[in-house]
Amino acid sequence: MLRTSLTFILLTIIFSSQKPKKNGVKDLFKESFYIGVAVNGQQVSGKEAGALPLIEEHFNSLSPENGLKWSLVHPKPEVYSFDFGDAYVALGEKMDAFTIGHCLVWHQQVPNWVFENESGEPLDKDKLLARMEDHIQTVAGRYKGKIDGWDVVNEVFNEDGTFRESKWYQIAGKDFIKNAFRKAYEVDPAAELYYNDYNVWKASKRAGILKLAKEMKAEGIRVDAIGMQGHYTLGGPSLDEIEKGIIEIAEAGFKVVITELDVDVLPRPNNSEGADLNINFANSPEYNPFVNGISPEAEAKLAQRYADLFQLFQKHKDKITRVTLWGLHDGKSWLNNFPVRGRTNYPLLFDRDLKLKEDVFAKLKVVSKQ
Ligand code: GLA
C-alpha cells in the first residue's frame with residue numbers, strides 16, 4: 001500500500017514537472033500580444049546558469065540583443081559570423097517563439113569600412129546601397145523562414161523629426177531606408193518588417209517617422225509596424241504621451257510593437273531621455289543610489305510603472321502585437337551602463353538573482369484580467 005502511494009506520488013511529480021508550465025508572463029497576456037525578451041549569447045547557449053528555463057517559461061518571442069547587429073554578424077567585408085544567429089534561431093524554433101531579427105541597418109554598431117572603399121575614401125551612393133543590399137540578402141536570406149519579423153531600419157530620425165545625419169544618410173539620403181525595406185521584402189516576403197526607434201512618443205519625432213512610413217506605403221514598399229522601443233523611466237514619458245503615439249501609429253495604418261521595454265529607476269543627469277548611445281556621463285554616488293539594493297519606495301514605483309504601462313498596452317491590444325523586454329534580468333541590462341557607466345540599475349522583470357519580481361508579477365496578473 002505504502003509502496004503504491006509512493007510510486008503514485010513519484011509519478012505525479014515526474015509527470016507534472018514535464019508538463020509545460022502555464023503561469024509565465026507570456027501566459028498572462030496570451031490573448032493580447034506576444035511577450036518577448038532580448039537575449040544574449042550566454043543565454044542562448046545555456047551557459048548562463050538558470051537563464052534558459054526562465055526564458056522558455058515566461059516568453060513566447062525572442063529578440064537578439066546584440067548578436068545580429070552589423071558589427072557582430074558582418075565584422076569585415078568578407079567575414080560573416082553566424083554562430084550566435086544560428087544558435088539563436090534554433091532556440092526560437094525549439095521554443096516555437098515569434099523570433100525577431102535586429103537590426104539590418106543602423107548607424108550604431110556598424111563598422112567604418114561599410115562606408116569606405118579600399119583606399120578609405122567615402123563610398124558613393126550606388127556602392128553603399130549595393131553593399132547594404134548584399135548584407136540584407138546574406139543575413140535575412142540565411143534566416144528566411146526562421147525569423148518572423150525584422151527591425152529593418154533602426155533610429156534614422158532626430159527628435160525634431162528631421163533625418164539623422166548618419167553616414168548612411170549623408171551618402172545615400174533617405175533612399176537607403178526605402179531600399180532596405182524593399183530588399184528585406186524581396187529576400188523574405190513572409191517576414192514582418194519594422195521601422196524601430198526610441199522616443200516615438202514624441203510628437204515631433206513621430207511625425208517624421210509616420211510621414212516616411214506613409215510615403216513608403218504609398219510607393220508600395222511594405223512596412224508592417226512601427227517599433228516603439230520603450231526605454232522609459234519611472235517618471236516619463238507620461239502614459240498619455242505613449243497612448244497618443246500608439247493611437248496615431250494605428251491611425252496611420254501600421255501595427256505597433258513595443259520592442260525594447262525597460263524602466264530606468266535611477267536619476268538621469270540633465271533629464272536625458274531615450275537611448276542615444278552617444279550620451280554618457282561620469283558616475284557618482286548621486287547618480288548611483290541603490291548599489292546595495294533598491295529602496296522600497298523605488299521598488300513600489302517600479303511595480304506601479306510596469307502595471308500602468310501594461311494596462312495601457314492591454315487597452316490597445318487591438319493595435320499592439322508584441323511587447324518585448326530589453327533583457328532578461330537586472331544584472332545584464334544595458335541600463336547599468338547608460339547614460340552613466342557602472343551603475344546598479346533595476347529596470348527589468350527579473351532581479352540579479354534571476355528571481356521574478358513578485359510585486360510586479362502580481363500587478364501584471366491583475367492588469368491582464370482587465
Ligand atoms: C537601441 C538599440 C538596441 C540597443 C539599445 C541599447 O535601443 O536598438 O539594439 O543597443 O539601444 O542597448
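Aspartate 151 stands opposite tyrosine 194, a residue of strand β5. That pairing is a handy way into this predicted model.

- How many of the six residues of β5 are buried? Five of them are, so the strand is mostly covered, with buried meaning under 20% relative accessible area.

- Aspartate 148 sits in the loop between α7 and β4.
- Is aspartate 148 buried or partly exposed? Its relative accessible area is 25%, so it counts as partly exposed.
- Along the chain, aspartate 148 and phenylalanine 98 are 50 residues apart, yet their C-alpha atoms are separated by 6.0 Å.
- Phe98 is also one of the residues that aspartate 148 is in contact with, once you leave aside neighbours within four places in sequence; the others are Ala97, Thr99, Ala191 and Glu192.

**Helices α11 and α12**

- Helix α11 takes in residues 239–251 and helix α12 takes in residues 296–315; their axes come within 11 Å and cross at roughly 25°.
- An angle under 35 degrees counts as roughly parallel, so that is the label for α11 and α12.
- The crossing of these two helices, α11 and α12, is right-handed.
- On the α11 side, the contact is made by Leu239, Ile242, Glu243 and Ile246, while α12 brings Arg305, Asp308, Leu309, Leu312, Phe313 and Lys315.
- Sort the residues in this contact of α11 with α12 by class and you get six nonpolar, four charged and no polar ones.

**Helices α4 and α6**

- Here's another helix pair: α4 (residues 51–58) packs against α6 (residues 83–95) at an angle of about 50°, and their axes are 11 Å apart.
- As for handedness, α4 passes α6 in a right-handed crossing.
- Which residues meet? From α4 there are Leu52, Ile55 and Glu56, and from α6 there are Leu91, Lys94 and Met95.
- By class, the contact of α4 with α6 has four nonpolar and two charged residues, and no polar ones.

**Lysine 178, a charged residue that is buried**

- Lysine 178 belongs to helix α9, which spans residues 175–187.
- Lysine counts as a charged residue, and lysine 178 still counts as buried, at 7% relative accessibility.
- What does lysine 178 touch, not counting residues up to four places away in sequence? Its contacts are Leu212, Glu215, Met216, Glu219 and Ile221.
- Proline 347 is 169 residues apart from lysine 178 along the chain, and 34 Å separates their C-alpha atoms.

**Backbone spots to look at**

- The peptide bond from histidine 102 to cysteine 103 is cis, and its omega is near -10°.
- Cysteine 103 is part of strand β3, residues 98–105.
- There's a cis bond from phenylalanine 338 to proline 339 too, with omega near -5°.
- Proline 339 is found in a loop, the one between β9 (320–325) and α13 (358–368).
- Glutamine 109 isn't a glycine, but its phi is positive, near 50°.
- You'll find glutamine 109 in the loop between β3 and α7 (125–142), where it counts as partly exposed at 27% relative accessibility.
- Asparagine 199 isn't a glycine either, and it has a positive phi of about 55°.
- This asparagine 199 is in the loop between β5 (192–197) and α10 (203–218).
- Is asparagine 199 buried or exposed? With a relative accessible area of 7%, asparagine 199 is buried.

Notes: Residues numbered from 1 in each chain as written. Predicted model: local features only at pLDDT ≥ 70, side-chain atom pairs only at ≥ 80, totals over all residues. Heavy atoms only, no water. Axes fitted to C-alpha atoms, helices over the stretch in contact; angles between N-to-C directions. Helix = DSSP H or I, 4+ residues; strand = E, 2+ residues; numbered from the N terminus. Parallel < 35°, antiparallel > 145°, perpendicular 65-115°, else oblique. Left-handed = near helix turned anticlockwise from the far one by under 90°. Contact = heavy atoms within 4.5 Å. Buried < 20%, exposed > 50% of the residue type's maximum accessible area, 1.4 Å probe, protein only. Pairing = 2+ DSSP bridges.
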